[in-house]
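Try each task yourself before you read its solution.

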Amino acid sequence: MNDIKQLIDIAQLPRHIAIIMDGNGRWAKEKGQPRVFGHRNGVKAVRESTEAAAELGVEYMTLYAFSTENWNRPKLEVDALMTLLVDTLAKEIKTLNKNNIRLQAVGDLGRLPDRTRKALLDGVASTSENKRMTLVLALNYSGKWDILQAAQKLATQVQHGLLKPEEIDDALFSQQLATADIPDPELLIRTSGENRLSNFLLWQLAYAEFCFLPVFWPDFTKEHLYKAILDYQRRERRFGMVSEQLLK
Ligand code: IPE
Ligand code: IPE
Ligand code: MG
């Protein structure tokens, strides 16, 4: 495992890695277990990937934990996920503080059950001074929701005469998103073999490198994260230019 880690060029790390943690249900089904068993076993992979990213020196890691569309799942599963979140936060905040990791949350948090939102906001408050890495949980998040709420805030400012429509540019729009002050992810990882975004950070991933892995989330290890970073570092990010321009 350390061999792979040593191949990573620390000077070229992505500052921000976003992960769609997918495949818990199928992982459990393969074992003849209920879907919730998969979610519970996904917590270890959260711990592993957070630790690995922080050890390397990644500045931000965003985990897609619950999408706006996930409310459409059976109530039993939704309730179990919300409870798991409360229990996990209660257990893990101490570790986050020990490892100097700051917790943040993005999403329409007002729609979460009170105790889930409270556990989340307590975690955010008690880790707010930590400096090593920021762990962002995307909860009741959807990329379209994020863009819409940003547009609504800007429209209100225009309506009140505080802003002219032509003043709205990339930077100003980005500042209204739930991820304001967080740099856009350079690397997106999705587990479980699905090749789609499922309404994740639509605006923010405009130029990210995508890495789709055929492993279910509960089986995701530090080694998978190292491999995804190595894959990212082997790619040429051209941003619309041609290869020769990048060498100058
Ligand atoms: C990801 O695993 C966890 C959440 C969406 C909360 P899934 O629950 O989507 O697992 P699969 O994709 O059905 O296997
Ligand atoms: C995306 O996974 C959401 C999260 C990982 C939280 P889903 O499993 O909900 O996505 P779809 O339904 O397969 O697109
Ligand atoms: Mg899924």
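The exercises below concern a predicted model, and they take up two ligands and a few individual residues.

**Exercise 1. Find the residues closest to ligand 1, then describe the shell around this ligand by residue class and by secondary structure.**

Step 1. Select the surroundings of ligand 1: the shell holds 13 residues, and the closest are Asp 22, Gly 25, Arg 26, Arg 35 and Arg 73.

Step 2. Sort the shell of ligand 1 by class, which gives 3 nonpolar, 5 polar and 5 charged residues.

Step 3. Assign the shell to elements. Those that give two or more residues to the shell around ligand 1 are helix H2 (24-30), helix H3 (35-56) and helix H4 (75-98). With 3 residues, H2 gives the most to this shell.

**Exercise 2. List polar contacts of ligand 1, and say how much of its area the protein covers.**

Step 1. Begin with the backbone. A polar backbone atom of Arg 26 is 2.7 Å from an oxygen atom of ligand 1, and a backbone N or O atom of Gly 23 lies 3.3 Å from an oxygen atom of the ligand.

Step 2. Go on to a side chain: an N or O atom in the side chain of Arg 35 is 2.8 Å from an oxygen atom of ligand 1.

Step 3. Turn to the area. On its own, ligand 1 has 380 Å² of accessible area, and the protein covers 87% of it.

Step 4. Locate the site: ligand 1 sits in the largest pocket.

**Exercise 3. Carry out the analysis for ligand 2.**

Step 1. List the neighbours. The residues around ligand 2 include Ile 20, Met 21, Asp 22, Tyr 64, Phe 66, Asn 70 and Ser 198.

Step 2. Classify the shell of ligand 2, which divides into 5 nonpolar, 3 polar and 4 charged residues. Strand S2 (residues 60-67) gives the most to this shell, with 4 residues.

Step 3. Check arginine side chains. An N or O atom in the side chain of Arg 196 is 2.8 Å from an oxygen atom of ligand 2. A polar side-chain atom of Arg 73 lies 3.2 Å from an oxygen atom of the ligand, and for Arg 190 the corresponding distance is 3.3 Å.

Step 4. Finish with cover and location. The protein covers 78% of the 390 Å² of accessible area that ligand 2 has on its own, and ligand 2 sits in the largest pocket.

**Exercise 4. Decide whether Gln 176 is buried or exposed, and find a polar contact of its side chain.**

Step 1. Apply the cut-off for buried residues, which is under 20% relative accessible area. Gln 176 has a relative accessible area of 11%, so it is buried.

Step 2. Follow the side chain of Gln 176, which reaches the backbone oxygen of Leu 172 at 3.5 Å.

Terms used
Residues numbered from 1 in each chain as written. Chains lettered and ligands numbered in written order. Predicted model: local features only at pLDDT ≥ 70, side-chain atom pairs only at ≥ 80, totals over all residues. Heavy atoms only, no water. Near = heavy atom within 4 Å. Polar contact = N/O pair within 3.5 Å; in protein donor to acceptor, adjacent residues only side chain to side chain. Areas by Shrake-Rupley, 256 points an atom, 1.4 Å probe, with all protein chains shown as cover. 1 Å grid on protein atoms, 1.4 Å probe; cavity = no way out; pocket = protein on both sides within 12 Å on 5 of 7 lines; lining within 4 Å. Sits in = over half its atoms within 2 Å of the grid points. Nonpolar A, V, L, I, M, F, W, Y, C, P; charged D, E, K, R; others polar. Buried < 20%, exposed > 50% of the residue type's maximum accessible area, 1.4 Å probe, protein only.
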